Amino acid sequence: MAAAVSVAQKAFDTGTDESTLKPILDGLFAVRVLRRALRTMPIDDAAKYDVDFRLRQKEGEFQQAAVIAKGLKVEVLADDGVVVPGQAVKVNVIVANRGAGEVAIKQVRFTGFEGESACAMTSFTAGGFGFPGIGRGGRGGRGGRDASAPLAMSSVRRDQVAHCEPTLTIPANARVSEPYWHREGQAGRYTFDQDAPFGLPMRPTPFYVQVTLGMPGGEEVIQGMPVQYRYEGDIFGGEKRTELLVVPALSVRVTPEVAIVSAAAIRSRPEAAGRVTARAAAPAGRGTARGATPARPPAGARGAAAARPPAGAPSAPAERPPASAPSADREVRVTVVNNTPGVSESVVKLTTPQGWTATPASQTVKFARTDESETVRFVVKPGPDTAPGEFRVRAAASANGQTFDRGFQVIEYPHIRRYHIYDDAHTTVKVIDMRTPANLTIGYVMGVGDQVPPAIEQLGAKVEMISADDLARANNGRLLEYVFNGGTMIVQYNKLEFNEAQYGPYPAKVSSNRITDENAPAEILAPHDPVFTTPNEIGEAAWKNWVQERGLYFLGEKDSRYRDLVQMEDNFTYNKGRKTGALVEAEYGKGRWIYVGLNLWRQLPSGTEGAYQLLANLISLGKAPASTPASSR
């Protein structure tokens with residue numbers, strides 16, 4: 001083998017690619033002789049396995065080198081890249097000879113498809129189905145065929161191309177194409193399938209083709225490769241390829257992932273009526289803030305908000321009649337995607353906990369083409385005796401005697417192939433013992449990737465988005481004026497640009513301090529502050545079950561008029577020491593300015609109960625009594 005490789009290397013350096021073919025085939029013959037002899041060698045089975053494993057790899061390398069040296073090109077392309085069990089797929093096997101001499105095509109064998117399929121090679125002059133396809137790795141175009149009858153071919157000479165184009169069927173019990181590793185929710189680890197192919201990043205495709213070629217001298221070369229789908233990428237990436245991806249006939253996904261219901265809303269106990277907290281606004285934080293949530297904005301914050309408010313206190317909010325507790329009803333949206341290559345009809349239903357109801361009981365969705373999707377809406381009502389806890393509402397679509405209750409997210413970028421990540425079609429409903437004052441309207445300035453406004457709405461408050469045009473020029477100065485006149489402004493964490501802009505009422509700097517352990521103990525420094533008492537008591541339980549850190553970008557150096565409300569200490573060796581700046585309050589004129597370095601923006605989408613209770617208190621500060629400095633208590 002070593003001698004054959006040396007001769008092939010010298011031939012490559014001084015001659016043509018084809019001059020390397022004979023020594024390569026000699027090396028291939030030597031490997032195969034040694035593998036046969038290995039079976040009768042007097043060595044233990046473990047040693048035989050190890051040696052044969054290495055020789056098998058070497059045999060494959062020699063075969064690949066022989067195909068390249070001979071100037072052969074073998075392609076196996078399907079007319080669809082995303083397939084469902086039972087679907088017919090046309091596969092085009094192409095063998096092109098760009099080298100000298102003739103090569104015999106002895107056999108073409110398919111694996112992974114249903115049943116056996118013969119594949120007679122014929123001349124490839126024109127036609128075949130169109131390449132590339134037109135989909136996103138999903139749906140290809142089927143072009144026309146050449147009108148003339150193709151000629152049968154059992155070998156290819158120089159500059160000839162042969163192909164076969166059988167129609168194969170994806171098995172009815174074909175396994176869905178997905179990773180063998182799975183992550184449950186926000187867990188920091190993955191679980192593996194029992195038959196996980198350890199050592200490989202993904203599970204190998206079952207759809208393969210083996211083409212056996214007869215080389216000069218009689219040696220056979222087996223070219224094995226996965227069936228692929230070829231399609232057009234973007235203008236920069238060009239052509240893309242994917243192996244066949246098996247998907248269920250219907251994909252089902254549910255939103256929201258987490259819904260929050262107040263236990264008080266289920267009990268239908270009205271909140272105490274009072275004066276309305278008006279709209280609010282907050283600084284945009286140069287696009288890096290996660291948003292800010294003032295509890296009472298300046299007059300005219302909406303509509304003709306381009307003008308500054310008049311000097312002095314804002315106009316008094318109007319009296320409103322008492323309102324009942326926020327509704328316990330939650331809307332659940334179910335999106336169904338048709339993955340079949342044709343017309344489809346299904347019935348969508350929700351499965352709710354005992355005593356709960358979903359309206360309507362079911363809905364029918366009809367599809368006329370592949371990749372079509374439709375979203376239907378249900379209203380879920382918790383049972384009257386539902387206690388605080390976590391509940392699942394599951395969705396499923398039924399069609400042709402089958403039930404589908406999972407959906408997938410497409411992961412694809414210009415530099416990687418397309419993959420599918422699956423999730424069960426369900427919504428987690430968390431019933432939390434918390435209260436929020438009635439008739440709250442919150443003005444909100446969006447941050448990047450901000451998911452806090454939907455969380456506020458689930459607390460029963462109305463959220464009105466405030467744009468830069470609403471605030472007009474000198475945004476932050478206008479907001480601070482509003483605070484000075486009695487408003488409450490809540491600023492979620494900013495990055496270091498805060499230090500130049502100085503959004504606070506007094507000098508302060510954002511630091512890189514953070515608490516990385518989501519279970520790190522939190523010490524409340526101002527236990528009687530309304531942030532921790534009104535309308536919900538914030539105790540030790542509120543800091544349990546947080547996800548992925550407590551917070552980051554805490555306020556560091558700051559004016560003495562700022563007051564820390566909590567302090568925390570990380571358990572990690574390289575982040576030791578108590579940290580303040582995670583929740584900071586300052587009195588400014590008649591109002592409050594709050595900085596929140598706690599990562600509520602991460603906790604709220606995950607349904608962390610304590611984060612919702614704390615958020616309810618923060619947006620209720622406009623109705624809370626003025627806080628008293630700790631030294632006066």
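Biologist: At what angle do the axes of helix α2 (residues 21-38) and helix α3 (residues 45-69) cross, and within what distance do they come?

Modeller: In this predicted model, where local features need pLDDT of at least 70, side-chain atom pairs count only at pLDDT 80 or more and totals for chains, interfaces and linings use all residues, the axes of α2 and α3 come within 9 Å and cross at roughly 160 degrees. Residues are numbered from 1 along each chain as its sequence is written, and side-chain values use heavy atoms, with hydrogens and water left out. The axes are lines fitted to C-alpha atoms over the stretch in contact, with angles from 0 to 180 degrees between N-to-C directions.

Biologist: Why are α2 and α3 called roughly antiparallel?

Modeller: The crossing is at roughly 160 degrees, and angles over 145 count as roughly antiparallel, so α2 and α3 are given that name. Their crossing is left-handed, a word used if the near helix is turned anticlockwise from the far one by less than a right angle.

Biologist: Which residues of α2 and α3 meet?

Modeller: With contact set at heavy atoms within 4.5 Å, the α2 residues include Leu21, Ile24, Leu28 and Val31, and those of α3 include Val51, Leu55, Glu59 and Phe62. By class, this contact has 13 nonpolar, two polar and seven charged residues; Asp, Glu, Lys and Arg count as charged, Ala, Val, Leu, Ile, Met, Phe, Trp, Tyr, Cys and Pro as nonpolar, and the others, Gly among them, as polar.

Biologist: What makes β6 and β12 edge strands?

Modeller: Two strands pair if DSSP finds at least two bridges between them, and the open sheet of four strands has the order β6-β4-β11-β12 with antiparallel pairing. Strands β6 (155-156) and β12 (220-226) each have a single partner strand, so one side of each is left without a neighbour in the sheet.

Biologist: How do you know that β4 and β11 pair?

Modeller: Seven bridges join β4 (residues 103-111) to β11 (residues 208-214), and the two run antiparallel. Within this pair, Val108 stands opposite Val211 in β11.

Biologist: How many bridges does β24 form with β28?

Modeller: Strand β24 and strand β28 (residues 426-432) pair in the antiparallel sense over six bridges, with Gly389 bridged to Val431 in β28. Strand β24 (residues 389-399) also pairs with β20 (residues 344-351) over five bridges, again antiparallel, and there Lys349 stands opposite Ala396 in β24. Three further bridges join β24 to β25 (residues 402-404), where Ala397 stands opposite Phe404. In the hairpin of β24 and β25, which has two residues between the strands, Asn400 takes a positive phi near 55 degrees.

Biologist: What share of the protein chain is buried, and how many helices and strands are there?

Modeller: Buried residues, those under 20% relative accessible area with a 1.4 Å probe, make up 48% of the 633 residues. The secondary structure comes to 11 helices and 41 strands, counted as DSSP runs (H or I, at least four residues, for helices; E, at least two, for strands) and numbered from the N terminus.

Methods: Angles under 35 degrees count as roughly parallel, over 145 as roughly antiparallel, 65 to 115 as roughly perpendicular and the rest as oblique. Buried means under 20% relative accessible area, exposed over 50%, partly exposed in between (1.4 Å probe, protein chains only).
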